[in-house]
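Please consult the sequence and the structure while reading.

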Amino acid sequence: MKKNFFIIFVLSLLLVSCAQEYNQVYKSSDYTYKYEYAKECYAKGKYSFAVPLLQDLVTIQKGTDNAQECLYMLAMAEYGMHDYEAASEAFKKYYQTYPNGYYAEMASFYIGQSLYEGTPEARLDQTPTVAAIAAFQDYLDLYPNGKMKGTAQQRLFTLQDKLIRKEYLNAKLYYNLGSYFGNCGNDGGNNFEACIVTAQSALNDYPYSALREEFSILIMKCKYELAQMSVDEKKLQRFQDAEDECYGFINEYPDSKERASAEKYIEKCKEFTAKAK
């Protein structure tokens with residue numbers, strides 16, 4: 001018990017001593033010493049100590065030989081603290097200030113990387129994802145043979161997959177809503193039409209998506225549901241359109257889990273069109 005108390009007491013003294021030392025450095029007007037202390041904190045991964053010092057030094061060191069390193073360390077320290085918004089702004093500031101600087105390429109990459117780390121899950125607004133894609137594309141345009149080329153390309157694929165997933169969730173939501181919420185017109189089906197438009201747009205924008213079949217399933221189902229809900233003067237055309245969609249789906253995905261549904265829809269469409277004739 002006494003041994004544990006002694007250890008806690010010693011650790012407390014060390015913490016107090018460290019805090020006092022840090023406060024003295026922070027208040028010091030010896031900027032060379034402050035800069036070296038900030039570098040030491042940064043090197044040891046003590047980013048919460050390094051950031052306030054570097055924020056103070058960025059302005060003070062402007063125009064000196066240490067200015068570039070100071071700003072870049074600040075950006076990296078903020079990134080290390082997972083303050084990705086602040087980090088992306090700091091990396092952007094570095095690149096804008098020193099486009100030919102020693103750390104320019106890595107700053108350009110980390111603008112995108114910081115935004116990438118801050119992107120939300122697919123169901124949320126994807127504005128940050130679009131910004132991250134643009135930043136990585138800027139990096140690849142500026143440094144087509146850059147050292148981070150492979151990572152940037154992989155990040156682009158991951159971010160694009162997130163956008164595709166968002167489009168799929170939007171389309172699926174329209175499908176699930178169906179005729180709910182009273183937002184369907186006289187012939188019904190506005191949600192189904194919205195699903196079709198969203199899914200087809202995603203297929204056009206991302207033709208090689210891993211979710212291509214899932215989008216196609218939604219389109220097929222929505223066209224059939226839309227035909228069923230239509231007013232009489234639109235039914236024949238829409239059932240024919242649904243039948244064509246089902247045949248196209250089977251041709252493209254002959255082993256799909258939804259093949260049986262497609263075949264069932266075809267029979268239903270044929271029944272209607274035969275009666276209509």
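Q: Does Phe-136 count as buried or exposed?
A: This is a predicted model, in which local features need pLDDT of at least 70, side-chain atom pairs count only at pLDDT 80 or more, and totals for chains, interfaces and linings use all residues. Residues are numbered from 1 along each chain as its sequence is written, and side-chain values use heavy atoms, with hydrogens and water left out. Buried means under 20% relative accessible area, exposed over 50%, and partly exposed in between (1.4 Å probe, protein chains only). Because its relative accessibility is 0%, Phe-136 counts as buried.

Q: What percentage of the residues in the protein chain is buried?
A: The protein chain exposes about 16,200 Å², of which carbon and sulfur atoms supply 52%; these areas come from the Shrake-Rupley method with a 1.4 Å probe, and for residues only the protein chains shown count as cover. Of the 277 residues in the protein chain, the buried share is 42%.

Q: How is the ring pair of Tyr-72 and Phe-91 classified?
A: The structure holds 22 aromatic pairs. Rings of Phe, Tyr and Trp (its six-membered ring) pair if their centres lie within 6.5 Å; planes under 30 degrees apart count as stacked, over 60 as edge-to-face and the rest as tilted. For Tyr-72 and Phe-91 the centres are 5.9 Å apart and the planes stand at 65°, so the class is edge-to-face.

Q: Which helices does the pair of Tyr-72 and Phe-91 link?
A: Tyr-72 is buried at a relative accessible area of 10%, and Phe-91 is buried at 0%. The two residues are 19 residues apart and the pair links distant parts of the chain, namely helix α4 (residues 67-80) and helix α5 (residues 84-97).

Q: How is the ring pair of Phe-109 and Phe-136 classified?
A: Phe-109 lies in helix α6 (residues 104-117) and Phe-136 in helix α7 (residues 127-142), 27 residues apart. Phe-109 is buried, with a relative accessible area of 2%. The ring centres of Phe-109 and Phe-136 are 5.7 Å apart with planes at 55°, so the pair is tilted.

Q: Why is α4 described as largely enclosed by the rest of the structure, and what does its cover include?
A: Eleven of the 14 residues of α4 are buried, so this helix is largely enclosed by the rest of the structure. Among the buried residues are Cys-70, Tyr-72 and Glu-78. Contact means heavy atoms within 4.5 Å. The cover over the buried residues of α4 includes α2, α3, α5 and α6.

Q: Where is His-82 placed?
A: His-82 has a positive phi of about 65° although it is not a glycine. At 57% relative accessibility, His-82 counts as exposed. The position of His-82 is the loop between α4 and α5.

Q: With which side chain does the side chain of Gln-113 make a polar contact?
A: Gln-113 lies in helix α6 and is buried, at 4% relative accessibility. A polar contact is a pair of N or O atoms within 3.5 Å; within protein, one must be able to donate a hydrogen and the other to accept it, and residues adjacent in sequence count only if both atoms are side-chain atoms. At 3.2 Å, the partner of the Gln-113 side chain is the side chain of Tyr-79.

Q: Which residues is Tyr-168 in contact with, leaving aside its neighbours within four places in sequence?
A: Tyr-168 belongs to helix α8 and is buried, with a relative accessible area of 10%. Leaving aside neighbours within four places in sequence, the residues in contact with Tyr-168 are Leu-211, Glu-214, Phe-215 and Leu-218.

Note on methods. Helix = DSSP H or I, 4+ residues; strand = E, 2+ residues; numbered from the N terminus.
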